[in-house]
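Thanks for coming. I will go through one model this morning, with the sequence and the structure on the screen.

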Amino acid sequence: MTTVTKKADKIDRLAELMQTTEVTSGASLWREAMRRLRASKMAAIGAVVIAAFVVIALIGPWIAPYAPTAQTWRGDVFPNRGEFVGMRSGNWFGLDHLGRDVFSRWLVGARQTLLVGVVSMLIGLVVGALIGVCSGAAATLGGRAGQRVDTVIMRFTDIMLSLPSLLLAVSVAAVLGQSLTTVMIAVGVVQIPVFARLLRGSMLVQGGSDYVLAAKALGLRKRRIVLTQILPNSLSPVIVQATLSLATAIIEAAALSYLGLGNPDPAIPEWGVMLAQAQRFFDNEPMMAVYPAVGIIITALGFTLLGEAMREALDPKLRG
Amino acid sequence: MALLSVDELSVTFTAKGRKDSIAVDGVSFDVAEGQVVGLVGESGCGKSVTSLALMGLLPAKGVRIGGRAVFDGQDLLTMSPQYRRDIRGSQLAMIFQDPLSSLNPVVPIGVQITEILERHRGMKGEAARKEAAHLLDRVGIPDPARRLKEFPHQLSGGMRQRALIAMAVACAPRMLIADEPTTALDVTIQAQILELLKELVDQEGTALLMITHDLGVVAGLCDEVNVLYAGRAVESAGRRDLFTYPTHPYAHGLLGSIPRLDAPRGEPLRPIRGSINDRIAWADGCAFAPRCDRYTMECLTGTPELTEPRAAGHQVRCVNPVLPKSKAEVSA
Amino acid sequence: MLRLVVRRLLQLIPTLLGLSVLLFLWLDRLPGGPASAILGEKATEAEVARINRALGLDQPVYVQYWRFLKRIFELDLGTSTQTGQPVWDEFALKFPATVELSIAAILIAVVIGIPLGYLAAKRRGGWIDVASVSTSLVGICIPVFFLAILLRSVFSVQLGLFPASGRLTTGINATEVTGFAVLDGLLTGELDASWDAIWHLILPAVALASIPLAVIVRMTRASVLEVLGEDYVRTAESKGLEKRVVRGRHVLRNALLPVITAIGLLTGSLLSGAVLTESVFDFGGIGSFIRTAIDGRDYPVLVGFILFIAMVYVFINLLVDIAYSIIDPRVRVH
């Protein structure tokens with residue numbers, strides 16, 4: 001038994017040695033992609049926007065002039081009569097319908113928005129990737145039984161994909177009740193099938209490639225093939241999708257808020273909630289909605305630009 | 001008088017932010033009616049770009065074309081785009097390398113033929129279909145009526161190339177350009193396709209410009225041969241002359257690098273060293289010099305002129321040509 | 001062709017079964033369960049127990065599931081807790097408005113998106129290309145409901161160019177035949193009603209079209225770029241064919257294949273968008289209905305809608321597959 005294991009280890013090491021050539025070519029592939037990414041104007045704009053957003057999200061709550069719940073009004077806001085105060089010194093973005101400082105809430109909201117985006121993306125990424133890896137590994141190396149497992153899992157993701165994302169999120173929110181966590185989970189759940197499909201598809205492509213065949217021929221253990229050969233080479237589309245998902249997550253969260261399923265805590269002013277609250281007064285005081293809306297659009301645009309630029313940089317068809 | 005007379009044709013690719021790259025650098029040759037002329041060279045020598053330039057199929061942007069290409073008394077390179085469109089497919093037609101990718105996968109073969117007949121011969125409906133079936137029959141496709149309704153993926157490789165040839169000859173063009181028509185095919189099919197081309201040329205008196213890297217094809221088909229290197233003709237001769245007395249060191253090397261059955265056992269192959277990337281600009285001297293066994297300092301003093309060092313009509317662009325009588329000479 | 005349809009319908013069965021299991025589990029997990037969903041949150045325990053018995057919720061899970069499944073197959077989706085009407089009847093009543101809006105949105109997206117995507121690809125790097133690609137990126141990033149609010153505020157509230165809500169002006173003479181307002185007007189000869197319905201459709205349809213339009217422009221552009229580099233396009237050019245023929249038969253016929261698939265996959269996001277857009281414009285279709293169902297936790301309506309949507313999605317993708325197999329002979333063979 002031990003001799004057999006030793007032999008297997010030896011073979012694995014041999015294969016790893018062989019793989020070094022693959023790895024170096026892979027590395028130069030990444031270097032090439034990085035070079036193209038740096039040359040891309042789209043990526044540069046995206047990165048600058050994201051950096052600005054992250055900085056605001058980090059320092060926003062400290063530089064906010066007022067607490068997000070503080071009513072700083074001077075008896076001059078009457079939402080029922082459509083009377084608002086616009087920009088003025090001390091309240092750069094004006095006051096909202098409850099007389100709170102919109103600028104402060106916007107700054108604090110940036111952090112919440114980033115949080116919602118990142119956490120829900122991670123939920124989708126982690127769960128989706130797990131499902132995808134299982135499915136992909138089963139399909140490439142599991143033989144006939146594995147393929148059956150793969151089919152079942154994929155049917156399941158098909159069902160999830162067929163539902164309008166918003167409805168899926170609403171269903172989750174209905175079970176969990178209203179909170180910030182709910183929004184994150186609901187938006188994250190929508191991303192699960194996307195990541196699962198993507199990683200599986202990408203693993204299937206890699207699983208059919210010559211170097212995996214070589215690894216199989218060398219008798220490498222299956223788990224090792226998946227972990228050291230297939231998976232690392234399947235990740236680039238997932239990274240692209242993760243970047244794009246940050247944009248969708250922020251937009252979806254805003255839509256959930258609009259449907260009244262957003263985070264109800266007034267001390268945590270997420271941009272989606274601010275927008276949902278402000279839209280009721282849009283005809284009288286559009287700017288109140290425009291600030292969070294512009295925040296959402298610009299941020300989503302930043303992530304989309306970077307994601308698209310990464311996709312282009314990694315696309316072998318465009319290389320040359 | 002030649003049907004097509006190409007004079008100092010040059011094609012330069014210009015991309016923003018990159019150095020211009022010269023694909024064709026002053027190529028000249030003539031093709032007479034009923035004549036088969038070969039353009040030979042390794043990949044990257046500019047032979048395909050030459051054919052696309054003659055057909056007007058290069059993109060309008062990012063390409064600079066110079067020189068003249070007079071076809072039937074008119075310069076192809078300066079005529080109006082609409083007139084060129086009229087000539088293309090009717091008087092000057094082309095056969096491409098990869099028959100599968102060169103056929104539209106979602107359009108039946110029949111339509112891909114009748115559309116030419118509609119465009120250039122004004123045929124319609126049943127008449128066009130009959131003519132298309134006749135064309136398929138002529139290029140040796142059995143059961144043409146059925147094949148007309150089929151799609152490219154339903155045909156075999158050889159049949160696809162026959163269908164492409166049928167399209168090219170649909171309007172009885174005065175000249176055909178064939179760009180590596182046999183490269184993507186099995187050897188047995190290659191011979192059949194070459195036979196078919198030969199037959200069509202003989203019967204119709206069509207001029208044929210044959211673009212290939214395969215010296216076997218040249219030997220079997222061409223009357224005149226132009227050997228291209230790095231976008232320029234280095235040797236132009238009749239087939240017999242070229243194969244018997246290859247005079248430019250490159251042509252000499254090309255013929256020498258073919259494995260021969262009648263060579264003594266154990267004799268090593270003699271490949272040309274390096275690749276076409278090891279070259280200098282023609283403006284500075286002979287582009288082949290870095291790979292050449294015979295090069296001297298003289299090779300690096302500007303583009304060598306075309307001369308006829310051996311026989312009239314056998315043009316060579318070399319200052320140190322391989323001449324048959326100088327067997328005794330020992331190169332340094 | 002028939003084989004394809006039958007096969008796809010058979011594939012539908014496991015999908016719907018799986019979905020029904022998920023939905024059943026979901027209903028089971030709802031806070032308070034169906035009883036409180038029906039009775040509201042202030043129900044007494046005795047009442048809950050009574051309802052549970054009446055609904056058979058005191059029975060084993062598999063029995064409950066079987067009953068649930070049976071009801072689905074009988075198209076009995078239960079009763080809306082809000083309106084008291086059968087869910088199915090509500091859908092039948094409100095679906096035409098949503099279909100009309102969705103079709104209008106897809107039409108806008110296709111009619112503008114495909115030519116724009118083609119032009120962008122054909123003049124790659126030109127101003128049309130840059131403008132359409134950047135606009136479509138922005139289009140994807142604007143929350144649909146915000147765009148709807150913006151359009152409504154600017155074009156109807158401020159400028160008064162379009163009606164701000166509803167499907168028809170109240171008081172206009174419109175006879176209902178099919179439930180599709182535009183079509184009804186044409187059928188009954190009440191052309192002013194048709195015109196009025198179109199007038200009401202434009203703003204919500206434009207808002208709803210934003211995402212499909214962006215997707216179609218980008219898909220078409222990418223696809224045309226790829227096809228333009230194909231050998232068969234060069235062959236078509238070498239035949240001297242007219243530009244019109246090269247563009248239609250050789251470029252677009254191939255380039256539109258992936259676009260058609262994309263349109264099928266857009267169904268889900270279109271319906272999400274319809275819920276949001278309809279509620280902004282108070283359009284009165286399924287979207288508005290679902291919006292109030294979400295507010296009122298009207299679970300029978302939500303469950304029914306999810307099942308309904310799954311069927312619509314599968315049906316539309318079946319249509320897409322059929323269209324695809326008509327255009328692409330390579331699929332037909334398998």
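Before I start on the sheets, one convention: two strands count as paired if DSSP finds at least two bridges between them. Helices (H or I, at least four residues) and strands (E, at least two) are DSSP runs, numbered from the N terminus.

This is a predicted model, in which local features need pLDDT of at least 70, side-chain atom pairs count only at pLDDT 80 or more, and totals for chains, interfaces and linings use all residues. Residues are numbered from 1 along each chain as its sequence is written, while chains are lettered from A and ligands numbered from 1 in the order in which they are written.

Let me take chain B first. Its secondary structure comes to eleven helices and eleven strands. In strand S3 (residues 36-40) of chain B, the pairing with strand S9 (residues 224-229) of chain B is parallel, over four bridges. Within S9(B), B:Val227 is the bridge partner of B:Val40. Both strands belong to an open sheet of seven strands with mixed pairing, and the order in chain B is S6-S7-S8-S3-S9-S10-S11.

Strand S1 (residues 4-13) of chain B pairs with S2(B) over eight bridges, in the antiparallel sense. B:Leu9 has B:Val27 as its bridge partner in S2(B).

Now the helices against these sheets. Here, contact between two residues means that their C-beta atoms, placed from the backbone, lie within 7 Å. For angles, axes are lines fitted to C-alpha atoms, for helices over the stretch in contact, and the angles run from 0 to 180 degrees between N-to-C directions. Helix H1 (residues 47-55) of chain B lies across S3, S6, strand S7 (175-179), strand S8 (207-212) and S9 of chain B, at about 145° to S7(B). Helix H7 (residues 157-168) of chain B lies across S6 and S7 of chain B, at about 175° to S6(B).

On overall dimensions, the C-alpha trace of chain B spans about 70 × 50 × 40 Å along its principal axes. Among contacts in chain B between residues at least 6 apart in sequence, 64% join residues at least 24 apart.

Next, how the chains meet. Of the two pairs of chains in contact, chains A and C share the most contacts. Chains A and B do not touch, and their nearest C-alpha atoms are 12 Å apart.

Between A and C, 34 residues of chain A are in contact with 35 residues of chain C. Helix H4 (143-162), helix H5 (165-176), helix H8 (222-258) and helix H10 (286-314) of chain A each supply at least two residues of the side of chain A that touches chain C. The largest share of that side, eight residues, comes from H10(A).

One residue in helix H10 of chain A is A:Ile296. Is A:Ile296 buried or exposed? It is buried, with 27 other C-beta atoms within 10 Å; the cut-offs are 20 or more for buried, 12 or fewer for exposed, and partly exposed in between, with C-beta atoms placed from the backbone. Not counting residues up to four places away in sequence, A:Ile296 touches A:Ile250, A:Ile251, A:Ala254, A:Trp271, A:Leu275 and C:Pro143.

The contact between B and C takes 26 residues from chain B and 21 residues from chain C. H4(B) gives the most to the side of chain B that touches chain C, with four residues.

Last, confidence. Where pLDDT is low, the predicted coordinates should not be read in detail.
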